[in-house]
Amino acid sequence: MNKIKKDDMVIVIAGREKGKSGKVLAVKDGKVLVEGVNKVKKHTKPSAMDQNGGIIEKEAFLDASNVMYYHKNRPTRIGFKMDGDKKVRVAKTTGEVID
């Protein structure tokens, strides 16, 4: 069970994008794709799908260790606890169940 999941709000805590926040678009192999963060320019050739090609700007993956879950307008670490027979994520600052 991963600590950061798709559609979570996160804030970047390290690197050149430090301080920016956004919604997680994807999680893959310990990396996260955050909306509006870590934009890169990609050069594309014309193809059947994209007739023009050119330079497109899109988000690139960040390491999951460089982002922190954003809960009630402050960053927090995430822990786990058993809720009956179900394992749930818990915000460490408030102790509230996230999902």
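Modeller: Here is a tour of the strands, followed by a few side chains and a pocket. Keep in mind that this is a predicted model.

Let's start with the sheet. Six strands make up an open sheet, and reading across it you get the order E6-E3-E2-E1-E7-E8, with antiparallel pairing. At the edges you'll find strand E6 (62-63) and strand E8 (74-76), each of which pairs on one side only.

Now zoom in on E2. Strand E2 covers residues 21-28, and strand E3 covers residues 31-34; the two pair in the antiparallel sense over four bridges. If you want landmarks, look for Ala26, which stands opposite Leu33 in E3. Another one is Lys28, whose bridge partner in E3 is Lys31. The hairpin of E2 and E3 has two residues between the strands, and here Asp29 takes a positive phi near 55°.

E2 has another partner too: strand E1 (residues 9-12) is joined to E2 by three bridges, and these strands also run antiparallel. To find your way there, pick out Met9, which stands opposite Lys23 in E2.

Strand E9 (residues 78-83) pairs with E10 in the antiparallel sense, over six bridges. The hairpin of E9 and E10 has two residues between the strands, and Gly84 takes a positive phi near 75°. Look at Lys87 while you're here: in E10, Lys87 is the bridge partner of Met82. Lys87 also lies over the face of Phe80, at 4.8 Å from the ring centre.

Side chains of opposite charge can pair when their charged atoms come close. A search of the whole structure finds seven salt bridges. One of them is where the side chains of Arg89 and Asp8 meet, at 2.8 Å from N to O. This pair links distant parts of the chain: Arg89 belongs to strand E10 (residues 86-91), while Asp8 is in the segment before E1, and the two are 81 residues apart.

Last stop, the largest pocket. Its volume is about 230 Å³.

How values were computed:
Residues numbered from 1 in each chain as written. Predicted model: local features only at pLDDT ≥ 70, side-chain atom pairs only at ≥ 80, totals over all residues. Heavy atoms only, no water. Pairing = 2+ DSSP bridges. Lys NZ or Arg CZ within 6 Å of the ring centre and 35° of its normal. 1 Å grid on protein atoms, 1.4 Å probe; cavity = no way out; pocket = protein on both sides within 12 Å on 5 of 7 lines; lining within 4 Å. Points joined across faces, edges and corners; volume = space filled by probe spheres on them. Salt bridge = Lys/Arg side-chain N within 4 Å of Asp/Glu carboxyl O.
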